[in-house]
Amino acid sequence: MSDAMKLTNAFPLLLLCWGLQTISKSDDTGVTAELNLAGDFKKTVKLTWLADVPELVPLTLCDFDYLITKKKVEEDDDFQALVNPTTKTKRAAVGDINMSSLKKGDIIQLERKGYFIVDVPYGGSADKPAVLFSIPDGRTK
């Protein structure tokens with residue numbers, strides 16, 4: 001919702017799976033948009049969205065980094081100085097109800113985020129989120 005609050009009236013955007021929209025109202029209670037079939041999708045912001053409903057599945061997205069900070073360790077390098085102090089980062093997210101049926105080892109694509117493998121399936125409550133590990137795509141961060 002915080003991203004949606006940054007949208008201004010008359011702002012053109014493309015809601016994935018819904019098409020071109022124009023913001024008609026944006027305030028702290030929500031966003032109202034109208035379908036805009038005549039707009040140019042190439043000149044719009046693309047948004048992936050989820051409805052704010054109770055059935056959303058809590059997720060923990062995990063990203064992993066290199067264990068050492070140098071590509072090639074030389075013999076005279078201090079290995080302890082090369083160890084990356086933060087190799088795992090976590091961020092909270094939510095997914096739609098269909099993600100509650102994912103099993104350990106399932107591979108999925110989250111739109112505009114990348115590919116993930118399920119490490120821990122959803123446990124049925126907010127304190128037992130599904131844990132997804134990102135699958136590296138070869139791009140540098």
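Does arginine 91 count as buried, exposed or partly exposed, and at what relative accessibility? Arginine 91 counts as partly exposed, at 33% relative accessibility. Buried here means under 20% relative accessible area and exposed means over 50%, with partly exposed in between, using a 1.4 Å probe and protein chains only.

Before going on, the ground rules.

Is arginine 91 buried, exposed or partly exposed? Arginine 91 counts as partly exposed, at 33% relative accessibility. Buried means under 20% relative accessible area, exposed over 50%, and partly exposed in between, with a 1.4 Å probe and protein chains only.

First, the ground rules. This is a predicted model, in which local features need pLDDT of at least 70 and side-chain atom pairs count only at pLDDT 80 or more, while totals for chains, interfaces and linings use all residues. Residues are numbered from 1 along each chain as its sequence is written, and side-chain values use heavy atoms, with hydrogens and water left out.

Now the overall picture. The protein has two helices and nine strands. Along the sequence they follow the pattern α-β-β-β-β-β-α-β-β-β-β. Both kinds of element are DSSP runs numbered from the N terminus: helices are H or I with at least four residues, strands are E with at least two. Of the 141 residues, 21% count as buried. The accessible surface comes to about 10500 Å², and 56% of that belongs to carbon and sulfur atoms. These areas come from the Shrake-Rupley method with a 1.4 Å probe. As for contacts (heavy atoms within 4.5 Å), 44% of those with a separation of 6 or more join residues 24 or more positions apart.

Next, a sheet. Four strands form an open sheet in the order E3-E2-E1-E4, with mixed pairing. At its edges stand strand E3 (30-35) and strand E4 (45-47); each has a single partner strand, so one side of each is left without a neighbour in the sheet. On average, neighbouring strands of this sheet are turned by 45° against each other, direction ignored. The axes behind that angle are lines fitted to C-alpha atoms. Strands E1 (residues 12-15) and E2 (residues 19-27) pair in the antiparallel sense over four bridges. Two strands pair if DSSP finds at least two bridges between them. In this pairing proline 12 stands opposite threonine 22 in E2.

On to the charged side chains. How many salt bridges does the structure hold? The structure holds three, where a salt bridge is a side-chain nitrogen of Lys or Arg within 4 Å of a carboxyl oxygen of Asp or Glu.

One of them takes us back to arginine 91, whose side chain meets that of aspartate 63 at 3.1 Å, N to O. This pair links distant parts of the chain, with aspartate 63 in strand E5 and arginine 91 in strand E6 (residues 88-95), 28 residues apart. Aspartate 63 is buried, with a relative accessible area of 16%. Aspartate 63 and lysine 88 are 25 residues apart in sequence, and their C-alpha atoms are 5.7 Å apart in space.

Another salt bridge joins lysine 70 and aspartate 77, with the closest N and O atoms 2.8 Å apart. Lysine 70 is partly exposed at a relative accessible area of 33%, and aspartate 77 is partly exposed at 23%.

In the remaining bridge, the side chains of aspartate 119 and lysine 104 meet at 3.1 Å, N to O. Aspartate 119 lies in strand E8 (residues 114-120) and lysine 104 in the loop between E6 and strand E7 (107-110), so the pair ties together parts that are 15 residues apart in sequence. Aspartate 119 is partly exposed, with a relative accessible area of 25%, whereas lysine 104 is exposed, with 56%.

Back to strand E5, where threonine 60 lies. Threonine 60 is buried, at a relative accessible area of 17%. Leaving out residues up to four places away in sequence, threonine 60 touches Lys90, Arg91, Pro129, Ala130, Val131 and Leu132.

Last, the aromatic rings. Rings of Phe, Tyr and Trp (its six-membered ring) pair if their centres lie within 6.5 Å; planes under 30 degrees apart count as stacked, over 60 as edge-to-face and the rest as tilted. The count by this rule is one aromatic pair. Phenylalanine 64 and phenylalanine 133 form this pair, edge-to-face, at 4.9 Å centre to centre and 85° between the planes. The pair links distant parts of the chain: phenylalanine 64 is in strand E5 (residues 57-64) and phenylalanine 133 in strand E9 (residues 130-134), 69 residues apart. Phenylalanine 64 is partly exposed, with a relative accessible area of 39%, and phenylalanine 133 is partly exposed, with 21%.

Conventions
Axes fitted to C-alpha atoms, helices over the stretch in contact; angles between N-to-C directions.
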